[in-house]
Amino acid sequence: MPKLAYFTRVGNSEEEQVRRRTAVFGALLAIVAIAIVMSITIGSKPVPLTDAWHALTSPTGTENDIVIRSLRVPRTVLGVLAGIALGVAGALMQGHTRNPLADPGLLGVTQGAAFAMVASIIFLGMTSLYAYIWFGLAGALIASVGVFALGMVGGRGGPTPVTLALAGTAVSAFLYALTSALVLIDEQAMDVFRFWQSGSIAARGAEVVWQVLPFIVVGLLLALINAPGLNALSLGEDVARSLGQNIGLTRGIGIAAVTLLAGASVAACGSLSFIGLIVPHLVRPLSGTDHRWLLPYSGLVGAALLLFADVIGRVVAPPGELEVGIVLALMGAPFFVALVRRRKPVRL
Amino acid sequence: MSALALRVAGLSWRVRPRGVVVTVGGLAVVVLLMALNMRIGDIPMSVAEVLRAVVDAGSDNHFVVMELRLPRALTGALVGAALALAGAITQSIARNPLASPEILGVTTGASVTVVAGVVLSGSAAGGVSGALATFGIPALALLGGLAGAVIVYSLAWRRGLDGYRLVLVGIGVAAVFTNVKFWLLTVGDVNDTGRAMVWISGSLNGRGWEHVGPVALALAVLIPATLLGTRSLDALRFGDDTVTSLGVRMNLARGLMILAAVLLAAVATASAGPIAFVALASPQIALRLTRSAQPPLLASAVIGALLTTAADLIARTAFSPIELPVGVVTAVLGAPYLIHLIWRARK
């Protein structure tokens, strides 16, 4: 009875697979927890674990309490949020464009945010991060809605991956050129821009966390809704259509999720889109191409990676700090290259 | 439109009339734009005066045109052509329209060494002028570009070359270079940062015959060489297994084409900096204008020259007397046009 045996085996292995994937999910959660503890306790002023717990549960206003509550906790929370957002956004973007070179900023999110922030500094005299972060968010949203609209206008049934990616790249290049021209004529804006473009989660404060939180929560919900549809789309548009998928709607939800997630984190932390670019490649060997697993895994790995890189950046160059974006690329990229060399890449 | 076959000494190419029209027509526009470009400067001239100065060695403006304006215009056109050709080859090999010589490590490698040179020897460290300013930067760029390419290629090579792995390794290495560059920009004095930013954007300001020579030589050697290789590029489109079964010696052909792209991009970057967007956009524009399946090499090169020359004209006139770096304008000019082409193709 070869046929029956075949079916039984598939049943078993599917169950096994779910169990295995749940275990991996638990392991990733544990890694993120370790990263959070490290991010709260390690820094230019190391705080013992007991003191950290004391600061969180019953603060009495000691120096450690203040450091933990006003600096480390907001920074860590922002790191977790941005890491999850960028990881998920990267996986969504590569899934929708089916391009391994796609990063969350592909639809113009990063450069839209950069342009709006630099323009608000130069033309409106904005000086505080809390003020120009709104411009960054608005710029990110407008740029990516614009790219999506460009793709929609000419098409029947929504834009194709290639045209979407190309239009996004073109719009990004356009906005980057305008931003470079602006910072070349305004030295003060150049000074802000050069730090913004390397990316950082330091000195953001709780206010920034509250500013970006709603966008990231809505973005994550949309991403979860999008996962099954995106799986169908990966089989090709014709197959997806015959499975009853509304392709335009699925793409729209996916792009909206990417825009909210990447837009919020890029506006708050600078251009960290490298996280979204490599995380899905790191995760795919664990998750396979099923987006119901790929998206949560990517979020967790993104958060852990961002926090680890941030902790390393705090201690590697005392008394100063190295921006998290730079640490990420310098440590993450060689690791990524080694991984790509060791195993056959899982193709999109 | 039907294709004609061109046979020379046992080798044959398919020649598509549309491709010929785009290439020849584009070349004519490049010459026209160069002439318009050469009118501009401290001594304004008409196109007729420019032409007279080129032909007549005894005229008043001969020196200005031949020693200052012509080499600058030529640098722009040739660098644009070289970058675009490198881009067309990279996109064909990676089978990815988003690929550009950046993923080969060339432009990003060059950026790191030049920014390091400018920032670390900058005003904070006693100032830089003279020899490093004129000859040092192209040499640094060439060195950095070639070193970047060697790093990417040797990391991507593993019992043969896989286009997909090359792309992934390329983005990893490019990220390292880009962030080292960012870090150097935050370390430096803000004035040096500004000067480094001008170079990173790509600039044709003050380019002379010494910048024309290397790029012209590279194009003269590599255009015929890459045209010989187009047939294997066409085959690469069908995927690795098909290509091997078709009997194309894949690794050799692909390795030589990548080498050509690296040399073109490295020499071009050394002359004028990594002019943005030309390598990525020109092949895609040429592909849509000629309606071919692969980025056409010659047409891409011509479109690259056209884009760069037109951008330089605008960079010099739009905010005159302030001159923008040409790389700022290439994207402002090329991006809307590429979007227009994408949009039109889908109607």
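Analyst: Angles under 35 degrees count as roughly parallel, over 145 as roughly antiparallel, 65 to 115 as roughly perpendicular and the rest as oblique. The model is predicted, with local features needing pLDDT of at least 70 and side-chain atom pairs pLDDT 80 or more, while totals for chains, interfaces and linings use all residues. Residues are numbered from 1 along each chain as written, chains are lettered from A in the order written, and side-chain values use heavy atoms, without hydrogens and water.

Helix α3 (residues 63-97) of chain A packs against helix α12 (residues 291-316) of chain A at an angle of about 140°, and their axes lie 7 Å apart; α3(A) and α12(A) are therefore oblique to each other. The crossing of α3(A) and α12(A) is right-handed (the near helix is turned clockwise from the far one by less than a right angle). By class, the contact of α3(A) with α12(A) has 11 nonpolar, 9 polar and 4 charged residues.

In chain B, which has 13 helices and 2 strands (DSSP runs of H or I, at least four residues, and of E, at least two), B:P296 sits in the loop between α11 (278-290) and α12 (297-317). B:P296 has a relative accessible area of 19%, and is therefore buried (under 20%, with a 1.4 Å probe and protein chains only). Leaving aside neighbours within four places in sequence, B:P296 is in contact with B:P283, B:A286, B:L287 and B:T290 (heavy atoms within 4.5 Å). From C-alpha to C-alpha, B:P296 and B:S282 are 10.0 Å apart in space, and they are 14 residues apart in sequence.

Definitions and conventions: Axes are lines fitted to C-alpha atoms, for helices over the stretch in contact, and angles run from 0 to 180 degrees between N-to-C directions. Ala, Val, Leu, Ile, Met, Phe, Trp, Tyr, Cys and Pro count as nonpolar, Asp, Glu, Lys and Arg as charged, and the others, Gly among them, as polar. Buried means under 20% relative accessible area, exposed over 50%, partly exposed in between (1.4 Å probe, protein chains only).
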